[in-house]
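Have a look at the structure first, then go through the points below.

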Amino acid sequence: ARRVDPRVRQNPRFYDVDRLKAEGRRMLGRYPRNRLYRHLSHCALTYNCLAAKNLFMQRWEAPLPTARSCNARCIGCLSDQESDCVASHSRIAFKPDADEIAEVGIHHLRRAREAMVSFGQGCEGEPLLETAPIARAVRLMRRNVSRGTIHMNTNASMPVNIKKLCEAGIDSFRVSLNSPDKKYYESYFRPLSYRF
C-alpha cells in the first residue's frame, strides 16, 4: 500500500465521543429550533458520520443535507436501497428551509478551522433538486461571512441549476462519475430524469 493523502483527519484520535456529546448539547441548546442541527447530531452520534462530527467540533468539512429525493437510483446509495441490501443510514426526512441551512453554514464558516460546508451528503438525495432553497441559503451565508468554502457533491444532472448556484455564490462542485462509458454509467446510477 502507498499513502496518497498526507492528511490525518480520519484518525479516530480526533473524534473524542465525550467531547463530541458535550459540543452537541451546547450547539443544540444554542439553536433549539433548528431541525438541521438535530438531524446532524443524530448522524454524528448514531451513524458515526465524521463530517457531522466536524460540525460539532467546529473544524474542517461540515455537511448541509437538504434533499429528500433523488433523480437517480444508484446501486451503492448509502441512504436508499431498492434491493435486499440495507442502506447504511436513513435519508433526511424533512426539507430544511434556507434560514435553517444558512444558520448552520454561517456558524461553521465563521468559527471552523479550514472551514467548508457541503451539500450532497450520504444522508440525502440529489441536492440540485433543492436548488431554490440552497441558492437562498448560499446568498445568506455569503452576506454574513466571506471565509471558507461552500461546496456541493452532485450528479450534475441539471446544468441550469448549477449555473444558478454559481450565481448565488457557491465555490465548488464534485461531480459523481463512476465511468465515462454510457453503459457503465447508466447501469450504476440508473438515472430517472436525466441521461448520460
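1. Start with Glu 130, which is buried at a relative accessible area of 9%. Keep in mind that this is a predicted model. The side chain of Glu 130 forms a salt bridge with that of Lys 95, at 3.4 Å from N to O. Glu 130 sits in the loop between strand S2 (113-119) and helix H5 (131-144), and Lys 95 in the loop between strand S1 (59-63) and helix H4 (98-111), so this contact ties together parts 35 residues apart in sequence. Lys 95 itself is partly exposed, with a relative accessible area of 39%.

2. Next, Asp 171 and Arg 142: their side chains meet in a salt bridge at 2.6 Å, N to O. Asp 171 belongs to the loop between helix H6 (159-168) and strand S4 (172-175), while Arg 142 is in helix H5, so the pair links parts that are 29 residues apart in sequence. Asp 171 is partly exposed, with a relative accessible area of 42%. Arg 142 also counts as partly exposed, at 22% relative accessibility.

3. Then there's a pair inside a helix. Arg 26 and Glu 23 join their side chains in a salt bridge, 2.9 Å from N to O. Both are in helix H1 (residues 17-30), three residues apart, so about one helical turn separates them. Glu 23 counts as buried at 19% relative accessibility, given that the cut-off is under 20%. Arg 26, at 38%, counts as partly exposed.

4. As for the tally, the count comes to six salt bridges, and the pairs above are among them.

How values were computed: Residues numbered from 1 in each chain as written. Predicted model: local features only at pLDDT ≥ 70, side-chain atom pairs only at ≥ 80, totals over all residues. Heavy atoms only, no water. Salt bridge = Lys/Arg side-chain N within 4 Å of Asp/Glu carboxyl O. Helix = DSSP H or I, 4+ residues; strand = E, 2+ residues; numbered from the N terminus. Buried < 20%, exposed > 50% of the residue type's maximum accessible area, 1.4 Å probe, protein only.
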